[in-house]
Amino acid sequence: MKKVEAIVKPFKLDEVREALSEIGVTGLTVTEVKGFGRQKGHTELYRGAEYVVDFLPKVKIEVVVPNDQVERAIDAIVKSARTGKIGDGKIFVTSVEHVVRIRTGEVNEAAV
């Protein structure tokens, strides 16, 4: 099993969720996060004063999928989250060694 974490623009969340649902992903976790990469923030004007926003709002989407579904999940995220502009985000894939469903005690693949 693999954990796929995607950092995307907030307005793309619904599109990514729908794309993952279409390929059979049944559960995901979403966290509101802030960060920056090459985009390096931007300058805003508030009540006549200019200030720099270093950390931009993003959402982190986390899903755990079987090994054979990883590439489909990545493709779904990339296609639905891409705007073609800087700051579209990143995807990280890590191995998951053990999963337990608390309610039933199911483990690993059965728990996902």
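Predicted model: local features only at pLDDT ≥ 70, side-chain atom pairs only at ≥ 80, totals over all residues.
Biologist: In what order do the four strands of the open sheet stand?

Modeller: Seven bridges join β1 to β5, and Val-4 has its bridge partner in β5 at Val-63. On β1 there are also seven bridges to β6, with Ile-7 standing opposite Lys-90, while β2 is joined to β5 by seven bridges. With antiparallel pairing, the order is therefore β2-β5-β1-β6.

Biologist: Which strands stand at the edges of this sheet?

Modeller: A strand with a single partner has one side left without a neighbour in the sheet, so the edges of this sheet are β2 (29-35) and β6.

From one strand to the next, the twist averages 20°.

Biologist: What angle does the direction of α1 make with that of β5?

Modeller: Helix α1 packs on the sheet, where α1 touches both β2 and β5. Its direction and that of β5 make an angle of about 10°.

Biologist: Within what arc do the buried residues of α2 fall, seen down its axis?

Modeller: The buried residues of α2 are Val-70, Ala-73, Ile-74, Ala-76, Ile-77, Ser-80 and Ala-81. They line one face of the helix, because seen down the axis they fall within an arc of 160°.

Biologist: Which exposed residues does the face of α2 turned away from its buried side carry?

Modeller: The buried residues of α2 are covered by elements that include β1 (2-8), α1 (13-22), β5 (56-65) and β6 (89-95). The face turned away from that buried side carries the exposed residues Glu-71 and Lys-79.

Notes: Residues numbered from 1 in each chain as written. Heavy atoms only, no water. Buried < 20%, exposed > 50% of the residue type's maximum accessible area, 1.4 Å probe, protein only. Helix = DSSP H or I, 4+ residues; strand = E, 2+ residues; numbered from the N terminus. Arc of directions from axis to C-beta. Contact = heavy atoms within 4.5 Å. Pairing = 2+ DSSP bridges. Axes fitted to C-alpha atoms, helices over the stretch in contact; angles between N-to-C directions.
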